[in-house]
Amino acid sequence: MGLLDVLNGMQNGPRGPSGPSAQSGGGMSPMTMAILALLAYKAVKHLGGSQPGTTQAPSPGNVNAGASGGGLGDLLKGGLGGLLAGGAAGSVISGGLGDLLKQFQQNGQGDTANSWVGKGENKPIAPGDLANALGADQIDSLASHSGMSRDQLLKGLSQYLPQVIDHLTPDGRLPTEKEVAGRL
């Protein structure tokens with residue numbers, strides 16, 4: 001089962017779609033788009049460089065990685081096809097995953113995030129802790145562009161993000177670009 005199968009399965013849950021708005025255009029749930037956009041944003045930030053002396057990484061509302069339009073909203077509306085197309089998907093998700101985990105570690109949620117990567121049980125994360133780890137700007141941008149309320153987004157991310165990261169790291173470590181591409 002590939003990552004996109006896992007993500008698309010999230011929209012149905014154990015009892016099927018939660019309602020007529022469970023899907024957005026293109027057959028991808030808002031939560032699926034939000035998780036992919038989060039990973040893509042983190043990858044763009046990672047590729048843009050956050051080291052001293054490098055170019056400032058783009059803000060969540062102004063992601064620009066050569067995708068048409070350039071903004072996070074354009075990524076979400078376009079199903080992330082431009083950024084995740086072809087061979088680029090492995091590098092985007094691999095880089096984004098590494099940067100996302102680093103952010104969790106820097107914001108006091110390292111043990112929790114490490115449990116998602118490591119073998120064994122995934123530690124849960126409360127929506128409030130997730131909001132603190134990701135920051136208001138990222139959460140607000142994802143909520144705005146996915147069409148979900150901030151609370152819906154945080155509840156969904158706290159439920160599904162550990163599963164997605166666990167799926168991407170079955171060997172208990174960050175995967176290579178090639179490994180991620182094979183899991184899509």
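**From the loop to the helices**

Author: Let us begin with E121, which is placed in the loop between α6 and α7 (127–134). The model discussed here is a predicted one.

Reader: How far apart are the C-alpha atoms of E121 and D166?

Author: Along the chain, E121 and D166 are 45 residues apart.

Reader: Which residues of α6 are buried?

Author: Helix α6 covers residues 110–117, and six of its eight residues are buried, so this helix is largely enclosed by the rest of the structure. Buried here stands for a relative accessible area under 20%. The residues concerned are G110, T112, A113, S115, W116 and V117.

Reader: What is the geometry of the aromatic pair in the structure?

Author: The structure holds one aromatic pair. The ring centres of F104 and W116 are 5.4 Å apart and the ring planes stand at 75°; planes over 60 degrees apart fall in one class, so the pair is edge-to-face.

Reader: Which helices does the pair of F104 and W116 tie together?

Author: Both F104 and W116 are buried. Because F104 lies in residues 88–106 and W116 in a separate helix, the pair ties together parts that are 12 residues apart in sequence. The two helices are α5 and α6.

Reader: How are α7 and α9 oriented to each other?

Author: The axes of α7 and helix α9, the latter made of residues 150–168, come within 9 Å and cross at roughly 95°. Since angles of 65 to 115 degrees share one class, α7 and α9 are roughly perpendicular.

Reader: Which residues of α7 and α9 meet, and how many of them are nonpolar?

Author: From α7 come P127, L130, A131 and L134, and they meet R150, L154, K155, L157, S158 and L161 of α9. By class, this contact has one polar and two charged residues, while the number of nonpolar residues is seven.

Reader: Where is Y160, and how far is its C-alpha from that of P124?

Author: Y160 belongs to helix α9, and with a relative accessible area of 14% this residue is buried. Y160 and P124 are 36 residues apart in sequence, and their C-alpha to C-alpha distance is 10.0 Å.

Conventions
Residues are numbered from 1 along each chain as its sequence is written. This is a predicted model: local features need pLDDT of at least 70, side-chain atom pairs count only at pLDDT 80 or more; totals for chains, interfaces and linings use all residues. Side-chain values use heavy atoms; hydrogens and water are left out. Buried means under 20% relative accessible area, exposed over 50%, partly exposed in between (1.4 Å probe, protein chains only). Helices (H or I, at least four residues) and strands (E, at least two) are DSSP runs, numbered from the N terminus. Rings of Phe, Tyr and Trp (its six-membered ring) pair if their centres lie within 6.5 Å; planes under 30 degrees apart count as stacked, over 60 as edge-to-face and the rest as tilted. Axes are lines fitted to C-alpha atoms, for helices over the stretch in contact, and angles run from 0 to 180 degrees between N-to-C directions. Angles under 35 degrees count as roughly parallel, over 145 as roughly antiparallel, 65 to 115 as roughly perpendicular and the rest as oblique. Contact means heavy atoms within 4.5 Å. Ala, Val, Leu, Ile, Met, Phe, Trp, Tyr, Cys and Pro count as nonpolar, Asp, Glu, Lys and Arg as charged, and the others, Gly among them, as polar.
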